[in-house]
2 protein chains.
Amino acid sequence: MRVLGVDPGLTRCGVGVVEGVAGRPLTMRGVGVVRTPPDAELGLRLVAIEQGIEQWLDEHRPEFVAVERVFSQHNVRTVMGTAQASAVAMLCASRRGIPVALHTPSEVKAAVTGSGRADKAQVGAMVTRLLRLDAPPRPADAADALALAICHIWRAPAQNRLQQAVALHSAKATHASKGRTA
Amino acid sequence: MRVLGVDPGLTRCGVGVVEGVAGRPLTMRGVGVVRTPPDAELGLRLVAIEQGIEQWLDEHRPEFVAVERVFSQHNVRTVMGTAQASAVAMLCASRRGIPVALHTPSEVKAAVTGSGRADKAQVGAMVTRLLRLDAPPRPADAADALALAICHIWRAPAQNRLQQAVALHSAKATHASKGRTA
């Protein structure tokens, strides 16, 4: 599967494309940052992010888009901007019918480092190793976007198994209730 | 001037179009709510809001879009959704080159009722009176959207005068500095 990871932000929106399946070596297809000037009007910054994300979707045709889930325990102003940038990324993907998955920062850290409380350096080091890169991607937002994509690829089988189990259970329950009413 | 006011929200996004100038009776051109199902995927809800806002822009061709400025002192989950819905509204307007203005809830309340701490009923009553309606628009989100549009129309002359003063001052300063260098 090919996944576009998006680490949302108004000033720097990290984007990274990873291809592969769980249990096999992964391949980086692209990494970068969509930037908008901090002194520009908010609406125009959102338009610039939309154009940037659209370019990445056009070029890489990902099957999934993984976006960092935004929490508001941090700095208020930053969080609003992050929520707005993430909305644009989700909108671009959903408009094309690409499934969007949200992963929390601790899920992503735990997926690539084994610890939900790993620091940025540790995440960068593991992304470099897992994708067999020469150096950690810069800035950290770009590395985080790749980590999101890796997290999604690795969590997908578990989520699929869970969905299958739920579907099976529902089917059995339906069958059982049909049995009772028959 | 014709202004589309947007009271952003994921479940109910209030929209209202008001036409007029400060100091003259105002006219309501339309009011409504863009709704999305709470159990739908977030990305699909944002797409639905985009489609709804686009319809309002197509139909009413506003010269300005006034959106409520989002703060995060309230409920965390609600605020994230509000920030994301407002991002979509700003994106739609800016993409068309329509200027977007943000007004805080207290600016809007102060504009239409004289008090920044007025309650919803008071805002609804004043919107009804100012637009000469038979009854307050329902739900409250729709009334709030109209209040935003009214606030924008009434604040615009002051903002324009301020901009003119700044422009005049800059021109004088440039002239003065040119004078010195000549």
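This short talk walks through a predicted model with chains A and B, from the pairing of the chains to individual residues.

A word on conventions. Residues are numbered from 1 along each chain as its sequence is written, while chains are lettered from A and ligands numbered from 1 in the order in which they are written. Because the model is predicted, local features need pLDDT of at least 70, side-chain atom pairs count only at pLDDT 80 or more, and totals for chains, interfaces and linings use all residues; side-chain values use heavy atoms, with hydrogens and water left out.

I begin with the two chains.

Ser86(A) belongs to helix 2 (residues 76-95) of chain A. Helices (H or I, at least four residues) and strands (E, at least two) are DSSP runs, numbered from the N terminus. Leaving out residues up to four places away in sequence, Ser86(A) touches Pro8(A), Val67(A), Val70(A) and, in the other chain, Gln84(B). With a relative accessible area of 1%, Ser86(A) is buried; buried means under 20% relative accessible area, exposed over 50%, and partly exposed in between (1.4 Å probe, protein chains only). A polar atom of the Ser86(A) side chain lies 2.9 Å from the backbone oxygen of Ala83(A).

Next, helix 1 of chain A. This helix covers residues 42-60, 19 residues in total, and reaches 27 Å from its first C-alpha to its last, close to the 27 Å expected; the expected span is 1.5 Å times one less than the number of residues. Its buried residues include Leu46(A), Ile49(A), Ile53(A), Trp56(A) and His60(A). In general, an α-helix has 3.6 residues a turn, so residues three or four places apart point the same way. After helix 1 comes Arg61(A), with a positive phi, near 45 degrees.

Which residues does UniProt list for "binding site"? The unreviewed entry gives Asp7(A) and Asp141(A); such annotations may be inferred rather than shown by experiment, feature names are shortened, and positions follow the numbering used here. Although spread over 135 residues of sequence, the two cluster in space, with a largest C-alpha distance of 6.1 Å. Asp7(A) sits in strand 1 (residues 2-7) and is buried at 7% relative accessibility. Asp141(A) sits in helix 5 (residues 140-181) and is buried at 14%. Beyond four places in sequence, Asp141(A) touches Asp7(A), Arg12(A) and Gly14(A).

Finally, the cysteines. How many disulfides does the structure hold over all chains? The number is zero, a disulfide being a pair of cysteine sulfur atoms within 2.5 Å. For Cys92(B), the closest cysteine sulfur is in Cys13(B), 9.6 Å away and therefore too far for a bond. Cys92(B) is buried at 0% relative accessibility, and Cys151(B) is buried with a relative accessible area of 0%.

Notes. Least-squares fit on C-alpha atoms with pLDDT ≥ 70 in both. Polar contact = N/O pair within 3.5 Å; in protein donor to acceptor, adjacent residues only side chain to side chain. Contact = heavy atoms within 4.5 Å.
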